[in-house]
Amino acid sequence: MSRVQLAPGVRIRREAFGAVAYVPDRDHFFALSGTAAEAVLGGCAETGTADVSTMADLAGRGIVDTDPPTDRRPHFGESLVGPFAELPAVAEPLVVNCFATAHCPLRCRYCHADDLMTPYRAGEADDETRDVLRTAAAVPALVAVVTGGEPLARPARTEVLVTGLAADGKAVVLDTSGVGDLAPLVPVLRRHGVHVRVSLDSPDARANDRFRPINRRYLPLGTSPWAHAVQALDVAHASGVPVSVQTVVTSSNEDAGSLLAMRDWLVGRGVRHWVLHVVVPVARAAERRNRRLRTSPYVMPALAELVKKTADDGVPMNIRVTGTHRAPNSVLLIGSRGDLYVERESGGKVRIAGPGDPRDSVLRAFRTHVNLVEHGSRYLNGSIQPFPHER
Ligand code: SF4
C-alpha cells in the first residue's frame with residue numbers, strides 16, 4: 001500500500017473523541033478514535049506514518065482509497081472504529097433535514113411530518129427554497145437530507161435545493177417514497193454525488209400499501225406506492241446512483257420472520273444499505289387510530305439480533321437502526337418555508353430558528369433543544385451498539 005487518500009465525497013470533521021467520517025456511497029457515519037482518527041485527520045499521509053491494518057480497515061469501509069486498491073466490504077451497520085467507552089456525543093449537528101415541499105401524494109399512517117405539511121400547502125411559493133437554503137447554510141451539519149413532503153412532487157424545487165446544499169459543502173441525501181419520476185433528477189443527483197433513500201416497508205405490495213396509502217387528491221385510485229418505490233430503486237441502480245432502502249418498523253413487521261424476509265428480498269434486488277426506523281409516536285402516528293402501530297418493548301433487541309445474524313451469516317447488508325421513539329428531540333427539520341424545528345419530547349414541534357439567524361445562534365439553539373447523545377446515536381447506530389467498544 002503506497003498511497004492512501006480520502007475516498008471521493010467523504011466528509012471528515014474533528015470531534016472531541018477523534019473524528020467523524022461520512023461516506024456518501026453508503027450513507028453512513030463512522031465515529032473514529034485512536035489511530036483511525038489520527039490517520040484521517042492527518043490527511044491520510046503516506047503509509048508508514050499510520051498503521052497499515054488501520055488503513056486497510058478504513059478502506060474496506062469506504063472511508064479511504066488505497067493504491068493498490070483495497071476491496072470494499074460490508075460493515076454490517078457498525079459505526080465505531082477504535083476504542084469507545086460509551087456512545088460518543090457530537091458538538092455540532094451531523095444531519096439537517098430540509099423540506100423540498102409540504103406536498104406529498106401519500107398519507108402514511110405513521111407520518112411524523114404531517115404537522116409540517118398540511119398547514120403549509122396552500123400558496124406554496126417557489127422562492128421559499130431560498131429561505132430553506134439560508135437556514136441550512138447556518139446549520140453546520142455534514143449532511144443535508146432533501147425530504148418533505150415528497151421531493152419528487154416538486155422536482156424543480158428539489159433540484160434547486162440539491163444544487164444549493166451541495167454548493168454549501170454538504171453531502172446530500174434525497175429521501176423519497178418513489179412516487180413521482182426519479183429519472184429526470186438523475187443528472188443533478190449524479191453531478192453532486194447524492195445518495196437516494198427509498199421508503200419501503202415490505203416485500204409484499206399489499207402490506208406496504210396498507211401502511212402507505214395514497215392521497216386521492218394527488219393520485220388516481222389503484223396507484224401502488226410499492227410499485228413506485230421499486231421503480232425508483234431500479235432507476236437508481238440503472239443510473240449508478242447510490243441507493244438505500246428505509247423501512248419504518250411497526251407492530252406489523254417487527255417480528256424476526258418479517259425482518260429477515262425483507263432483508264433477503266432487498267439483497268436479492270441488489271440493495272446493500274438498509275435503514276430501519278422504529279415508529280415514533282408523534283404527528284399522525286400519535287393519533288388514537290394508529291396507536292396499534294406501536295412496537296413492543298422488545299423491538300430494539302430484535303433489531304440488534306437482526307444485525308448480528310446478518311453479520312454472522314455474512315449477508316452483504318449494512319443495517320442502521322434508529323430508536324428515535326426514545327427521544328423524539330434528536331432530529332433537525334427545516335420546514336418548506338425555511339424555519340428550523342425540533343420535535344419536543346412531547347407536544348409537537350418547536351421552531352428554534354429561521355432564515356437570517358446567524359450560525360452561532362443556530363448552533364446554540366441546536367445545543368439547547370436537541371438531545372445531543374440521541375442525535376449522535378441516531379446516525380451512529382447507537383441504539384443497538386454494545387459498549388465498551390474496542391475494535
Ligand atoms: S411519504 Fe413521507 S412525508 Fe409522505 S406521508 Fe409518507 S411518511 Fe409522510
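Arg351 sits in strand 16. Strands here are DSSP runs of E with at least two residues, helices are runs of H or I with at least four residues, and both are numbered from the N terminus. This is a predicted model, in which local features need pLDDT of at least 70, side-chain atom pairs count only at pLDDT 80 or more, and totals for chains, interfaces and linings use all residues. Residues are numbered from 1 along each chain as its sequence is written.

Start with the surroundings of Arg351. It counts as exposed because it has 12 C-beta neighbours inside 10 Å. The scale works on C-beta atoms placed from the backbone: a residue is buried if 20 or more others lie within 10 Å of its own, exposed if 12 or fewer, and partly exposed in between. Setting aside neighbours within four places in sequence, Arg351 is in contact with Asp339, Leu340 and Tyr341. Contact requires that the two C-beta atoms, placed from the backbone, lie within 7 Å. Ile334 is 17 residues away from Arg351 along the chain, and their C-alpha atoms are separated by 9.2 Å.

Now step back to the whole chain. It holds eleven helices and 16 strands. The C-alpha trace spans about 60 × 50 × 40 Å along its principal axes. Of the 391 residues, 51% count as buried. Take the contacts between residues at least 6 apart in sequence: 73% of them join residues at least 24 apart.

The chain divides into domain 1 (3–81) and domain 2 (95–369). These bounds come from an automatic or database domain assignment. The C-alpha centres of the two domains lie 26 Å apart. Their contact takes 13 residues from domain 1 and 18 residues from domain 2. On the domain 1 side, four of the touching residues are nonpolar, four are polar and five are charged. In this scheme Ala, Val, Leu, Ile, Met, Phe, Trp, Tyr, Cys and Pro are nonpolar, Asp, Glu, Lys and Arg are charged, and the others, Gly among them, are polar.

Helix 3 covers residues 128–137, and its buried residues are Glu128, Thr129, Val132, Leu133, Thr135 and Ala136. They lie on the same side of helix 3, because they cover an arc of only 165° around the axis. The arc is that of the directions from the helix axis to the C-beta atoms. Their cover includes strand 7 (95–101), strand 8 (143–148), helix 4 (155–167), strand 14 (332–334), strand 15 (340–343) and strand 16 (349–353).

Helix 10 covers residues 359–369, with Val362, Ala365 and Phe366 buried. These residues span an arc of only 105° around the axis, so they fall on the same side of helix 10. They pack against strand 14, strand 15 and strand 16. On the other side of helix 10, Asp360, Ser361, Arg367 and Thr368 are exposed.

Turn to the ligand. Around it stand Cys104, Leu106, Arg107, Cys108, Cys111, Ala113, Gly148, Gly149, Glu150, Ser177 and Arg212. A residue is near the molecule if its C-beta atom, placed from the backbone, lies within 6 Å of it. The shell divides into five nonpolar, three polar and three charged residues.

Two of the shell residues, Gly148 and Gly149, are joined by a cis peptide bond with omega near 25°. Gly149 lies in the loop between strand 8 and helix 4. Another cis bond runs from Asp67 to Pro68, with omega near 0°. Pro68 belongs to the loop between strand 5 (64–67) and strand 6 (80–81).

Phe76 is not a glycine, yet its phi is positive, about 55°. Phe76 is found in the loop between strand 5 and strand 6. It counts as partly exposed because it has 17 C-beta neighbours inside 10 Å.

Asn381 also has a positive phi, near 60°. It is found in the segment after helix 11 (372–379). With 29 C-beta neighbours inside 10 Å, Asn381 counts as buried.
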